[in-house]
Amino acid sequence: MLSLALRRLWYARKVAGSALQQAWESGISPAGTDWREVSFLVCDAEMSALDTSEGELLSLGWVVVERGAIALASARHYLLKARHSVGQSATIHQLRDCELREGISEDELLELFLAAATGKILVFHNASLDTAFLNQLTYRAFAAPLLMPTVDTLLLEEKVLRRSDTVIKPGDLRLQACRDRYNLPIYRAHNALLDALATAELLLAQAGHRSAKERFPLRNFF
Amino acid sequence: MESSDLDYASPELATIAEFLQQSLPFNELSDPLLRRAVGKTVIHYHCRGDRFSKDSAEMGLRIVRSGAVEIRDDKNKLLDRLGEGESFHIGGLNAENGNVQAIVIEDALLYLLPDQHYYKLREENRQFDRYFSGQRSRRLRRAARYEPIPNSMMREVSSLMSTDLLTVAPALDVRAVAAAMTKRRVSSAFVVEGEELVGIVTDRDLRVRFVAQGLPPDTAVQDIMSRNPEHIEGSHTLFATTLLMTQRGYHHFPVMCDGKLSGVVTTSDLILAKQDDPVYLVQHISRQGDVQGLVEVVSGMPMLLVQWVKSGIRAQQVSQILTAISDAITVRLIQLAEQKLGPAPVPYCWTGFGSQARGEQLLGADQDNGLIISDEMRSEHRPWFSAMASFVCDGLNACGYVYCPGDIMATTEQWCQSLGEWQDTVRRWTVSPTPDAVMRVSIFFDLRAIHGDASLCKRLQEVMLEQASANTIFLAALAANALDTKPPLGIFRRFVVDRNGEHRDSLDLKKRGVLPVTEIVRLHALAHKITAVNTDERLQALAKTGHMSITDSRNLADALHFIQRQRIEYQTEQISRGEAVSNFLNPRSLSKMAKEQLRDAFTIIDESQSAVKQAFRQGMG
């Protein structure tokens with residue numbers, strides 16, 4: 001948390017007056033706050049390749065977790081206007097070129113995303129991948145990384161498993177594998193929004209199991 | 001800036017809309033309404049053990065997405081148990097059941113439709129509203145699943161007492177009393193003056209107060225009896241009775257119901273009460289050395305049924321137990337036949353058909369069985385099999401499983417064949433299905449190996465499913481058969497009863513309720529090559545493979561369970577009154593609640609029949 005504040009300071013002059021600065025100004029909740037008193041923006045992104053140098057962001061979906069519950073009214077799904085043809089990767093994420101031509105621009109997306117993220121903690125399953133692409137966006141717009149407090153449900157799950165001395169096999173930390181452990185349903189369809197929802201439900205389950213008897217302060221998420 | 005909430009869920013959430021559409025009564029909503037409902041939904045996760053009531057939780061309709069929830073009233077009595085796709089409203093339940101609590105019994109993901117949106121939907125869609133005001137399916141479900149905690153020691157003593165009482169006049173001499181007691185094989189006699197109980201005399205009294213005292217044989221029984229014996233009320237629990245008998249040191253207790261002497265309970269009855277466990281009974285059957293022994297064991301079965309039902313065993317369990325017992329009897333009879341006739345010359349499989357195969361027998365079932373014999377059979381082997389079949393079928397008849405009126409028995413040529421012959425027969429039936437043939441053979445498609453080489457039965461079933469599932473003409477004929485009996489509901493949902501004859505003013509629960517359900521479910525199972533035979537298992541398999549919606553599958557199961565429970569309860573009453581069991585019920589004898597539930601069950605059957613017509617009889621009139 002401290003390092004996040006320091007790093008923001010480093011970029012403060014560059015982002016002055018931008019939407020990113022506004023997002024930063026909403027402050028960071030103290031580490032002792034119970035998770036039910038904090039708002040989370042749970043996101044998932046689809047991209048055309050796993051590496052920022054080869055791929056680009058295609059779509060972004062999110063839902064808000066507030067007071068320990070997910071309000072589907074907050075669910076959003078945006079397609080980006082693709083710079084390049086999606087080509088073969090369409091078979092993976094099921095977004096076709098024709099759909100992507102109808103998407104919004106990077107700037108529009110960034111504006112909507114930062115407005116939604118303000119005052120919230122970001123949540124991803126396997127955050128490093130998604131944040132790499134989001135950072136690329138903010139670098140292009142503001143010459144600074146996103147620098148928002150971020151929770152990774154994958155790392156959280158890894159911590160739980162390690163603590164219970166479970167041997168972690170390949171695939172054990174995949175989103176559905178994690179959900180299975182909490183008796184969460186299987187979603188047959190996949191898109192950025194549904195995966196964000198799936199991640200949000202996992203977050204609820206992870207926090208729910210550990211806060212059944214006591215408070216579950218924010219610091220435990222990192 | 002935060003954009004305002006969308007009024008409709010985005011299309012990426014179609015998965016959620018599809019799930020809701022599978023749950024009653026969301027299937028009634030139009031697409032826009034459904035999408036709006038999704039957009040207003042709030043999702044909560046609850047760990048096992050979480051509880052909430054109307055004071056501790058946000059109000060609204062909750063739909064179980066995964067996991068399971070129990071609903072209990074303020075006395076902790078179980079009202080309902082809900083699984084995936086079922087919904088409840090903590091506030092709505094309160095009106096009928098006092099302060100209700102929901103307890104999560106399996107980690108659960110719940111969709112909450114907050115009150116303001118829930119009531120708006122009810123205003124906007126009549127069917128949706130009717131579901132909650134009528135509560136049809138839910139009410140039925142609750143009735144079918146209601147499950148009091150079985151505890152045999154909390155049963156009323158009147159369910160166990162012996163009603164075979166020996167009453168004598170006070171002036172009768174002791175010798176005559178002893179002779180009567182010996183003849184009736186009882187260990188106590190009641191001394192009555194008119195209607196009034198004045199004393200009791202037991203084996204022990206005869207020994208201690210008569211023989212040991214050297215009294216003359218013409219002594220009047222009133223001189224040795226225990227005067228004004230203590231009695232207990234029929235409503236006492238077995239627990240209280242046992243306690244009282246131990247405290248007083250009595251071995252016999254007169255039981256009074258409504259101020260009248262109506263039975264006696266003895267210490268050995270109480271010991272036996274622990275042995276009415278079905279497992280004990282099945283074991284007991286397997287130890288009998290002859291048919292007579294089996295007959296004696298099963299003669300107590302009606303009374304046992306009464307006890308099981310009173311101690312709260314559920315309808316499906318009762319029929320499972322009764323089927324397990326008839327299986328055990330069949331197996332024992334076959335073993336006895338083999339002892340008598342020597343080992344079988346070639347492998348065979350004794351196969352049960354109909355309700356025995358489905359594990360759905362009740363009291364009064366007739367026998368439906370057959371023999372599938374290995375293709376190695378030669379003509380000289382046949383006599384062994386007919387002798388064995390006769391022995392077993394005669395034995396079953398003696399035990400109360402009467403000969404099948406339709407001749408579906410291993411003793412007939414048609415139902416005792418080699419596997420190859422059986423397979424040919426099946427092909428013949430399915431190729432040219434006449435309505436009459438279909439009616440006769442439909443029972444044959446419910447089959448289960450009871451004893452011997454089960455692979456024979458399995459191979460026959462494989463051919464059967466292969467033939468049936470591919471043959472639309474045959475399926476249409478089966479469908480016609482399934483549609484033949486309409487549920488007994490007239491316009492305005494009035495019960496249609498027999499107008500005259502022996503069963504005037506009553507309706508046949510088996511023919512009008514149970515058979516249509518089994519036939520509909522069998523038809524779907526055959527059409528989709530489902531190997532399960534038990535109706536519940538078939539329904540589960542149909543829902544799992546997507547050939548039937550979860551809602552339809554559950555509704556049919558609930559309808560069946562409810563009707564079966566009515567049948568069982570009614571049979572229990574008949575047994576208690578000493579009448580023969582039958583399936584004819586006068587709907588007027590039902591409580592208002594049960595009447596409504598029975599109507600619901602019949603409505604569900606009626607709806608499923610319409611679905612059958614759509615699926616299998618299109619263009620066939």
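What percentage of the 621 residues of chain B count as buried? The figure is 40%, where a residue is buried if 20 or more other C-beta atoms, placed from the backbone, lie within 10 Å of its own. The model is predicted, so local features need pLDDT of at least 70 and side-chain atom pairs count only at pLDDT 80 or more, whereas totals for chains, interfaces and linings use all residues. Residues are numbered from 1 along each chain as its sequence is written, and chains are lettered from A and ligands numbered from 1 in the order in which they are written.

Chain B contains 24 helices and 19 strands; these are DSSP runs numbered from the N terminus, helices being H or I of at least four residues and strands E of at least two. Among contacts in chain B with a separation of 6 or more, 73% link residues 24 or more positions apart, a contact being two residues whose C-beta atoms, placed from the backbone, lie within 7 Å.

The contact between the chains draws 26 residues from chain A and 24 residues from chain B. On the side of chain A, β3 (69-79), α5 (106-117) and α9 (192-210) each supply at least two residues, and β3(A) gives the most, with 8 residues.

β3(A) is also joined by 2 bridges to strand β1 (residues 42-46) of chain B, and the two run antiparallel. Within β1(B), V42(B) is the bridge partner of A71(A).

As for α9(A), 17 of its 19 residues are buried, so this helix is largely enclosed by the rest of the structure.

Notes:
Two strands pair if DSSP finds at least two bridges between them. A residue is buried if 20 or more other C-beta atoms lie within 10 Å of its own, exposed if 12 or fewer, and partly exposed in between; C-beta atoms are placed from the backbone.
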